[in-house]
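Colleague: I would like to go through the charged side chains of a model with you. Please give the general idea of each feature before the case at hand.

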Amino acid sequence: MKPLSYKKILEKKDFLPFYIYDYETIKGQILKLKKYLPPNVKVYYSVKANPNIAILRIMKNFGLGAEIVSWGEFAAVKKAGFKPDEIIFSGSTKSGREISSAINVGLGLISIESGAELKRLEKIADNFGKKPSVLLRLDMEKCSRKDKISNRQNLLGFGVSLNEVEEILAKLLRQSASFGVKGVHIYETNRLFNSNFLINRVGDIFSIICGFEKKFGLDFEIIDIGGGFGANVDRELDIRNFGKRLSRLIQSFNFKRKKIIL
């Protein structure tokens, strides 16, 4: 079947529902991110936003990773050409079968939401005889900037509490686990237009991670700071300002050797 031109599509608009995606707009936004973000920041596309195969192929072609929350999304990113090590498996509803599949195909990272989910993963990993790479996900959505870092003991929503993370890390130091904790994944607020506020939140994240590293003698390879960027037809977050301040923040914490995922 011959593809329809824009003109033909518009002629049928009264009875043919359709979406039009502008490649140049998508390309422009990706290149803007790449231009202003520090070199150790890797951008991952959140597939739940739009799993259209053509969109995913654009993301792949521009060197982005993919973040999935279901095995149906894995099928889409696989079809779009993403390799397993370019994929993060996140989300709070991962089934045992999905975790098994993720370990079996060797997904790059699995983000763990709770101590209970970690135990399931450990049991499945033992059965496969494989050692998956794990991110521990913290939920900071309910935390205010006014809160002191040391008082953030009861984080709400999805993710692992600070107390749980400390218990998990202490356990890892006592025994050889069947998984490797590569870093921390932060559940963050969405649709922010204030880049200064978002950077302050990232600063809080970095402070917490420094505390973990110092207490347990660790050096995390990866910090997934989530997203949070707001964008609509009228305005969007100032990525230039965000990138400059993130670069200074990475330098001040001496995190240039770490992989920062956005």
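Modeller: Lys 35, Arg 240, Lys 244 and Arg 248 gather in a surface patch of positive charge. This is a predicted model, so local features need pLDDT of at least 70 and side-chain atom pairs count only at pLDDT 80 or more, while totals for chains, interfaces and linings use all residues. Residues are numbered from 1 along each chain as its sequence is written, and side-chain values use heavy atoms, with hydrogens and water left out.

Colleague: What are patches made of?

Modeller: Patches are made of residues with over 30% relative accessible area and no salt bridge; like charges are joined within 9 Å, and nonpolar side chains (Val, Leu, Ile, Met, Phe, Trp, Tyr) within 5 Å. Lys and Arg count as positive and Asp and Glu as negative, with His and the chain ends not counted. The place of a charge is NZ of Lys, CZ of Arg, CG of Asp or CD of Glu. Accessible areas come from the Shrake-Rupley method with a 1.4 Å probe, and for residues only the protein chains shown count as cover.

Colleague: Which element gives the largest share of the positive patch?

Modeller: Helix α9 does, with three residues. Helices (H or I, at least four residues) and strands (E, at least two) are DSSP runs, numbered from the N terminus. Arg 240 is found in α9.

Colleague: Is Arg 240 buried, partly exposed or exposed?

Modeller: Buried means under 20% relative accessible area, exposed over 50%, and partly exposed in between (1.4 Å probe, protein chains only). Arg 240, at 46%, is partly exposed.

Colleague: How many salt bridges does a search of the whole structure find?

Modeller: A salt bridge is a side-chain nitrogen of Lys or Arg within 4 Å of a carboxyl oxygen of Asp or Glu. The search finds ten. In one of them, Glu 236 pairs with Lys 32, the closest N and O atoms being 2.5 Å apart. Glu 236 is in the loop between β8 (222-224) and α9 (239-252), and Lys 32 is in helix α2 (residues 23-36), 204 residues apart.

Colleague: Where does Asp 219 lie, and where its partner Lys 258?

Modeller: Asp 219 forms a salt bridge with Lys 258, with 2.8 Å between the closest N and O atoms. Asp 219 lies in the loop between α8 (195-216) and β8, and Lys 258 in the loop between α9 and β9 (259-261), so the pair ties together parts 39 residues apart in sequence. Asp 219 is partly exposed at 46%, whereas Lys 258 is buried at 6%. Salt bridges with shared partners join Glu 213, Asp 219, Arg 257 and Lys 258 into one network.
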